Amino acid sequence: MVIEAKKHTNKGKVADYIPALKEANPSVLALSIFDGAEFCFTAGDSQELFTLQSISKVLALALAIIDCGEDEVFSKVGMEPTGDPFNSISRLETQVPNKPLNPMINAGALVVSYLIKGDSPEHKLERLLELIRKMTGNDTISYNKEVASSEYLSADLNRALAYFLKQHHIIEGEIEDLLQYYTKQCAIELTCHDLAKIGFVIANEGKGFDRNEIIIPVKVARLVKTFMVTCGMYNASGEFAIKVGIPAKSGVSGGILGAVPNRLGIGIYGPSLDEKGNSVAGMKLLELLSDSFELSIF
Ligand code: GLN
């Protein structure tokens, strides 16, 4: 299956709007599947490290809800999918109230990042890393400084979104601090093996593979899984739900996080992207896996 899906890597191209992401090798494809046993099934270039990018939005949302509660989070960000690209600014102006439509687009993710508790960008990041290290059982996970600084220096669209949100009193405080945190959150670096473990916790209602340990509350796990279905693949989420039917979240690094409820966590890395910013080979691979093992939740 990985070999079959790998043929699709030449149908896309690596993200280049964050300069450091241009370095990625477009022909890479890696897969990990974790079913809660001690071992992970892996195939392809599974040792490759990559950054979470938008996949971090799922984890940041979980932490913000744990920190502030659902009511506060959803008073500032909506729950509806958009048909717009992930970095679109247009709806912020036309939508009343001006809160972003959902936490999986950049505007919404900036609000979520603002809500995470912490005295400084570093403190917020450390708290998110702590959650991710717990979910993966990997204490070495950190962020890629080069990718973070490359994004920070070229983040003018996100900067514009954040200033708009501040002007409309959805967020407060120092925007550069928020961008420092957000770009580091997006630059958290791991392998598809780690990603599969994260997927497993979300699939397993917030519990780790030691079934007694609650890593995130069940309600939060269900909520983020639902956002993964409705908004996880940006403005390709509808077609992806029909063709694949697995709660998933992609990032412009080429990563895809999958969570098959009560069954599996899936981690994929394939940096060659389609025009919407999703890994072309990664989506093909998920489609093949879903068909072969009947993984669709629908
Ligand atoms: N860090 C990226 C950004 O904010 C994440 C976007 C993505 O993965 N789609 O533009």
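1. Let's start with the ligand and its surroundings. The shell around the ligand is made up of 3 nonpolar, 7 polar and 1 charged residues. Its members are Gln 53, Ser 54, Phe 86, Asn 87, Asn 106, Glu 151, Asn 158, Cys 186, Gly 251, Val 252 and Gly 277. Phe 86, Cys 186 and Val 252 belong to the nonpolar group, and Glu 151 is the charged residue.

2. A word on confidence before going further. What you have on screen is a predicted model. Its protein has a mean pLDDT of 94, with 100% of the residues at 70 or more. The model's scores are ipTM 0.96 and pTM 0.95.

3. Now have a look at the sheet of 5 strands. This sheet is open, its strands follow the order β2-β1-β8-β7-β6, and they pair in an antiparallel way. At its edges lie β2 (40–44) and β6 (248–250), each of which has a pairing on one side only. From one strand to the next, the twist averages 10 degrees.

4. Strand β6 is joined to β7 (residues 255–260) by 3 bridges, and the two strands run antiparallel.

5. Finally, a helix pair to explore. Two packed helices are described by the angle between their axes and the distance between the axes. For helix α2 (residues 56–68) and helix α11 (residues 218–231), the axes come within 10 Å and cross at roughly 145 degrees. The crossing of α2 and α11 is right-handed.

6. Which residues of α2 and α11 meet? From α2 come Val 58, Leu 61, Ala 62, Ile 65 and Ile 66, and from α11 come Val 220, Leu 223, Val 224, Phe 227 and Met 228. The contact of α2 with α11 consists of 10 nonpolar residues, with no polar and no charged ones.

Conventions
Residues are numbered from 1 along each chain as its sequence is written. This is a predicted model: local features need pLDDT of at least 70, side-chain atom pairs count only at pLDDT 80 or more; totals for chains, interfaces and linings use all residues. Two strands pair if DSSP finds at least two bridges between them. Helices (H or I, at least four residues) and strands (E, at least two) are DSSP runs, numbered from the N terminus. Axes are lines fitted to C-alpha atoms, for helices over the stretch in contact, and angles run from 0 to 180 degrees between N-to-C directions. A residue is near a molecule or strand if its C-beta atom, placed from the backbone, lies within 6 Å of it. pLDDT is the predictor's confidence in each residue, from 0 to 100. A crossing is left-handed if the near helix is turned anticlockwise from the far one by less than a right angle, and right-handed if clockwise. Two residues are in contact if their C-beta atoms, placed from the backbone, lie within 7 Å.
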